[in-house]
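Here are my notes on this one, written as numbered points. Have the model open beside you as you read.

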Amino acid sequence: MRIEFDKLSFHYPETDKPVFTNLSVSLDRPGFHALFGPSGVGKTSFARLLTGNIGGYEGRIRVEGVGTPLYSYNLERLPDWSSVGKHLEKITPIEASSRLTRLVEIFGMEACLTSRFSHLS
């Protein structure tokens, strides 16, 4: 498994202000990865670039061994009224349900599926 941003630069077409300039990030181990930071620093743009929802960037994005990454935008908070598994089922398109099952296996998340987000560290 490998997810890599190599010398990535990106700005939205309607602005000259860059979101990222020469960003390099590499994840090479399975696990639960999250982005944290203040509003406006590029977390959503990062995720949308990773999932292919936006283009127009310079540099390279490489995803190997995980298929198409899934991205869940949750309006700044995870739903504590729902379990992890129920939330993943709700946000995953029907056509990607087998991919979700496989990713849960790859990342060893089976034990987390019945937990609420607030019970995870």
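**Notes on the model**

1. Let's start with Glu4, which is buried at a relative accessible area of 12%. Buried here is under 20% relative accessible area, exposed is over 50%, and partly exposed is in between, with a 1.4 Å probe and protein chains only. Glu4 sits in strand 1 (residues 2–10); strands are DSSP runs of E with at least two residues, helices are runs of H or I with at least four, and both are numbered from the N terminus.

2. Some housekeeping before going further. This is a predicted model, so to speak of local features pLDDT has to be at least 70, side-chain atom pairs count only at pLDDT 80 or more, and totals for chains, interfaces and linings use all residues. Residues are numbered from 1 along each chain as its sequence is written, and side-chain values use heavy atoms, with hydrogens and water left out.

3. What does Glu4 touch, leaving aside residues up to four places away in sequence? The list is Val25, Ser26, Arg60, Ile61 and Arg62, where contact means heavy atoms within 4.5 Å.

4. Glu4 forms a salt bridge with Arg60, with 3.3 Å between the closest N and O atoms; the term needs a side-chain nitrogen of Lys or Arg within 4 Å of a carboxyl oxygen of Asp or Glu. Because Glu4 is in strand 1 and Arg60 in strand 3 (residues 58–64), this pair ties together parts 56 residues apart in sequence. Arg60 itself is partly exposed, at 38% relative accessibility.

5. The other partner is Arg62, whose side chain meets that of Glu4 in a salt bridge at 2.8 Å, N to O. Again distant parts of the chain are linked: Arg62 is in strand 3 and Glu4 in strand 1, 58 residues apart. Arg62 counts as partly exposed at 26% relative accessibility.

6. How many salt bridges does the structure hold? The answer is six. One of them joins the side chains of Glu105 and Arg102 at 3.4 Å, N to O. These two are three residues apart in helix 3 (residues 97–106), so about one helical turn separates them. Glu105 is partly exposed at 43% relative accessibility, and Arg102 is partly exposed too, with a relative accessible area of 47%. Elsewhere, salt bridges with shared partners join Arg2, Glu4, Asp6, Arg60, Arg62 and Glu64 into one network.

7. On to the rings. There are three aromatic pairs, counting rings of Phe, Tyr and Trp (its six-membered ring) with centres within 6.5 Å; planes under 30 degrees apart are stacked, over 60 edge-to-face, and the rest tilted. Phe20 and Phe46 make an edge-to-face pair, 6.3 Å centre to centre with 75° between the planes. Phe20 belongs to strand 2 (residues 20–27) and Phe46 to helix 1 (residues 43–50), so to speak of reach, the pair links distant parts of the chain, 26 residues apart. Both residues, Phe20 and Phe46, are buried. Ring pairs link Phe5, Phe20 and Phe46 into a cluster.
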